[in-house]
Each structure stands twice: as structure tokens, then as C-alpha cells.
Amino acid sequence: PALGTEDAWLSAEGPVSIVELALEQKRVHYPLVEHQFVLCTVLYVIMRFALKSVKPLSLFDSKGKNAFFKDLTSIQLLPSGDMDPNISSMRQQFLAKVVSAVVQSLCSSQKTKGASEEELFPLEKEKDWPTLVVDLAQHLQICEDTVRRLYVCELYNYGMDHLGEE
């Protein structure tokens, strides 16, 4: 992009402006950033719900693991649509654990009957965990409908029929 500057600024001395420094930076490879974001989301979910015996890197194939340690400006080979059935199974198990933990957290924090989901997460009112898990499923190439069905089944399982019907 062209930077228009006034004549008075042309004679200014000092360090290079932050805008010029930003324009000189290499552009990042967005799919690689998105891949890193998926890992960060997985790690956050593991931390938030204290999931035990989950190995986050086991959810990714060898190309995906190698991509985590590369510069974000480099163009890397990322996992393709073809996925190892073992990795797919591990991802489904992970998402099932997350859905169960979300519903269990909903159930344990529910203090009054008829409370909405926003009221059930007092410190994280802006977080919509079921939607986040469905988005994570999409990034992990797992069918979103499977996660939604599991969420509804868990809601009914914990006696939260009013939320399950919604």
C-alpha cells in the first residue's frame, strides 16, 4: 500500500515509524496461523476443563506436528483431507471428552433451575463452549453433527432436558 505523508513529516528525523516497519515484515502464511490456532484452542480446552490423559500432539499427523515448529511466514505442507483412521478416532474421543466436560461443568455450576447457559459459566459469560467445540470439530475434520448429537445426548444424560430440547 502507498503511504501518503505530508511534506512537514518528510524532514522528520528519528527511528522508523511502526507503520513502515509493519509493511516491511513478511506476510504470514494464514493456513499455518490457523493450524497454530487449533493447537492453542486444544491446549486451552485441556487446561480449562482439566482433562486428564490427553496428549495434544497426538491429535495431529506428522505433517501437522512438523508445521508447529516452522516460521509462520514459511509455506508449509499442512495435513490434507486424507486422514489416518487412528488420528480421526483420537480426535473423536477428544471431542467426546470435551463435550462431556462442558456438560458436566454446566451441570455442576447450575445453582438455580431454569438458568440459561450464559448464567452457568459465571466467569466466562462471553464463551459459548458448545459452539467452540463444534468449530474445533470442523477444524479437526470431524463431522459437526456428531458433536452436536453427543452434546444433546449428554444434556439429556445429566437431566438438563430443557437445554437438550433447544
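Of the 166 residues in the protein chain, 31% are buried (under 20% relative accessible area with a 1.4 Å probe, protein chains only). This is a predicted model, in which local features need pLDDT of at least 70 and side-chain atom pairs count only at pLDDT 80 or more, while totals for chains, interfaces and linings use all residues. Residues are numbered from 1 along each chain as its sequence is written, and side-chain values use heavy atoms, leaving out hydrogens and water.

The protein chain holds nine helices and zero strands (DSSP runs, with at least four residues of H or I for a helix and at least two of E for a strand, numbered from the N terminus). Its accessible surface is about 11,300 Å², and carbon and sulfur atoms account for 55% of that (Shrake-Rupley method, 1.4 Å probe). Of the contacts between residues at least 6 apart in sequence, 70% link residues at least 24 apart; a contact means heavy atoms within 4.5 Å.

| H7 | 129-139 | Pro130, Val133, Val134, Ala137, Gln138 |
| H8 | 144-157 | Glu144, Val147, Arg148, Tyr151 |

The axes of H7 and H8 lie 8 Å apart, at an angle of about 150° (lines fitted to C-alpha atoms over the stretch in contact, with angles from 0 to 180 degrees between N-to-C directions). That makes H7 roughly antiparallel to H8 (an angle over 145 degrees). The residues of this contact comprise six nonpolar, one polar and two charged; Ala, Val, Leu, Ile, Met, Phe, Trp, Tyr, Cys and Pro count as nonpolar, Asp, Glu, Lys and Arg as charged, and the others as polar.

How values were computed. Parallel < 35°, antiparallel > 145°, perpendicular 65-115°, else oblique. Buried < 20%, exposed > 50% of the residue type's maximum accessible area, 1.4 Å probe, protein only.
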